[in-house]
Amino acid sequence: MKILLIEDYEPIRTSVAKGLREAGYAVDAAADGEEGLWYARSGDYDVIVLDLMLPKVDGLTVLKRLRKHENPATVLILTAKDTVDDRVKGLDLGADDYLVKPFAFEELLARVRALVRRKYDAHAPAIRVADLEIDTGTRTVRRAGRTVGVTAREYAILEFLAARAGRVVTRTEIWEHVYDFNAEPGSNVIDVTIGHLRKRLERGGRPRLIHTRRGLGYVLGESE
Amino acid sequence: MRWSLRARLIRSTTLATAVVLLAAGLLLYLLVRDGLVDQFDRALADKARLLASALEWEGSELDLNFDEFDLHEFERSDRPAYLQIWLADGAVAFRSPSLAGADLERLAGSLDAPPCRPVILPDGRPGRAAGFTMTPKTEGSSPPPDAAAVTLVLARGTASVDAVLAQLAVLLVAVGLVAVALSAGVLWLAVRRGLRPVEGLANRIAGLRQQDLAARVQAPDAPTELLPVVDRLNDLLERIENAFQRERAFSADVAHELRTPLAGLRTTMDVALMQPRADADYEEALRGCLRITLQLQTVVEHLLSLARLDAGQVEVAAEAVCLADLVRDAWQPLAASADARRLHVRWALGEEGAVVTDLSLLGLAVRNVFENAVVHADEGGSVAIETVSDENETTVRVTNSGSRLSPQQADHVFERFWRGDTARTDVGVHCGLGLPLVKEVVTVLGGAVTARSLEGGEFQMTLTIPNAPPRAASP
């Protein structure tokens with residue numbers, strides 16, 4: 001899952017980006033509205049965390065432009081403005097959630113998870129595909145009742161595939177949703193991670209769940 | 001005692017009406033009385049002359065010849081009239097029966113205009129008497145005595161006149177009282193009607209809700225006399241609303257300016273504590289927190305200084321200050337940043353003038369002006385520092401390159417939390433409070449500070465303070 005953070009105050013930008021990355025998200029960070037809009041147009045983000053008081057282009061204008069261009073990302077406004085008017089204005093302009101600074105980082109993570117679920121129309125925090133069970137709240141993976149240990153990157157890819165279970169997901173889509181601008185582009189980075197995931201998921205002789213569609217991408221689901 | 005406008009109007013107008021009516025009534029009464037008395041006197045004189053015309057001298061004998069007259073009024077016992085006639089030697093020639101031996105006052109005047117005057121009649125009633133001296137005609141051939149003149153005095157009671165006058169007085173008083181009462185009633189109605197716009201206005205003002213500062217007094221029907229009041233009131237409301245809006249905006253800015261670094265601190269620590277880390281990571285987080293704390297400290301100190309200056313709680317010292325030292329000391333903490341930004345600094349310190357002012361306050365102002373120049377100058381640009389002293393005042397002028405402010409924007413730099421961009425670029429370092437603080441400080445020192453955008457992207461701040469402190473240094 002990929003997140004765009006638009007925040008001009010450097011300490012918050014750095015810490016939030018770091019925390020989100022450690023939680024397994026791909027994060028791009030922009031320091032002003034103009035840069036933020038550029039990122040939003042060139043990448044495919046699941047959640048945009050948006051400050052309101054931004055240099056160059058202010059947050060509400062950024063939000064208006066995103067919605068005008070029908071950007072599919074869900075938007076979380078993160079701001080020190082706390083009046084009811086500010087909240088109503090932000091939500092009415094198309095924001096999906098609103099969090100007032102200062103905030104608990106745990107709460108930001110929980111809200112981001114909720115927004116990701118909303119984006120993929122999943123209301124329950126758990127995703128089930130065959131005997132695979134993914135708890136997006138605790139970020140744990142179980143197969144046939146047994147916990148499967150995965151790295152943050154592996155989890156991110158698995159969650160992304162699970163959100164689109166039964167459909168073909170291209171390598172480009174995975175790249176865009178799971179890796180941020182800072183990641184080194186490599187032709188087989190995704191294939192290698194998928195390989196690791198398969199090995200973990202098929203431990204104990206379980207049947208394959210991640211299938212390759214040659215020339216297209218991957219599908220998560222029971223074997224056809 | 002507090003009188004209502006209505007009561008005041010009714011009271012004074014009713015009083016005035018009563019006084020006017022009283023005067024008019026009194027005048028009328030006096031005129032009528034004079035007329036009646038005049039008429040009475042004329043009748044009295046006529047009767048006296050008629051009686052006198054009957055007198056005749058028959059030799060030395062005075063013949064009265066009253067037989068042909070009705071003398072009933074002189075004979076009756078109830079409210080009679082009185083007549084007395086004297087001869088020239090003072091002997092009484094005739095007394096009416098009513099006198100019963102008593103005497104009237106001997107009034108002597110001419111026959112044509114006999115004197116009339118009020119008298120107390122012998123029976124104690126008030127009355128009027130008319131009298132004159134005349135010479136009766138002569139009957140027959142025998143001549144009259146040498147002193148042929150006789151004096152005749154006639155007196156009558158004035159009860160009838162007095163009764164009419166008393167009736168008139170009662171009538172006048174009654175009419176007056178009714179008129180005053182009626183006029184008070186009419187006035188009450190008229191005043192109530194006239195004051196209705198005032199009442200309406202008072203109700204509307206009373207109806208203004210305290211929370212709703214945007215409300216104005218609408219008084220389309222207000223009389224012209226009240227329009228200035230309504231206008232002034234609305235002006236006042238507008239000024240209050242503006243002041244509250246500024247206050248609210250300032251509070252919102254303060255909240256934002258404090259919340260943002262607090263959020264930075266909390267997030268930095270939250271994220272650092274999320275999982276076990278290497279020592280270097282913790283150190284980095286701690287350094288981040290320290291940096292934010294210093295920024296927060298700057299904001300809080302600026303806010304406190306501004307609050308103290310606003311409240312007039314700052315003691316202003318008056319001490320001899322070496323301007324060159326002060327300027328160099330103020331520059332000291334910024335020298336490193338200026339070097340880091342490769343700024344070219346030009347110094348032009350004028351001759352030392354004798355400045356008596358508050359060292360620490362002036363230092364605070366100069367340091368903030370320097371900081372503004374260093375932060376806003378373009379990388380590798382220039383800062384020029386110049387001091388000039390004349391006999392009255394001392395000027396510190398700081399010019400930096402790389403300004404992007406328009407001349408109009410330059411006017412805003414002294415507004416609290418104002419920034420060239422609508423949003424913050426770097427909280428704390430220049431939180432939008434430095435230059436407002438400079439302005440407040442310089443004002444307290446009795447000086448002035450101006451900001452100008454010059455040609456070629458130069459921004460110039462000129463700080464002028466008097467060489468001697470103003471007499472009332474502290475507000």
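Over how many bridges do β11(A) and strand β12 of chain A pair? In this predicted model, β11(A) and β12 (residues 217-220) pair in the antiparallel sense over four bridges, where pairing requires that DSSP find at least two bridges between two strands. A:H211 stands opposite A:V219 of β12(A). Strands here are DSSP runs (E, at least two residues) and helices are runs of H or I of at least four, numbered from the N terminus.

These strands belong to an open antiparallel sheet of three, in the order β10-β12-β11 of chain A. Because β10 (169-170) and β11 (210-213) stand at the edges with a single partner strand each, one side of each is left without a neighbour in the sheet.

The description now turns to the interface. Chain A and chain B each contribute 25 residues to the contact, defined as heavy atoms within 4.5 Å. About 2200 Å² is buried between the two chains, 57% of it on carbon and sulfur atoms; buried area is the accessible area (1.4 Å probe) lost on being put together, summed over both parts. In chain A, the most area is lost by A:Y9, A:M53 and A:P102, together 27% of what that side buries.

Three salt bridges are counted between the chains, each a side-chain nitrogen of Lys or Arg within 4 Å of a carboxyl oxygen of Asp or Glu. One of them joins B:R291 to A:E10 (3.1 Å, N to O).

Residues are numbered from 1 along each chain as written, and chains are lettered from A and ligands numbered from 1 in written order. Local features need pLDDT of at least 70 and side-chain atom pairs 80 or more, while totals for chains, interfaces and linings use all residues; side-chain values use heavy atoms, without hydrogens and water.
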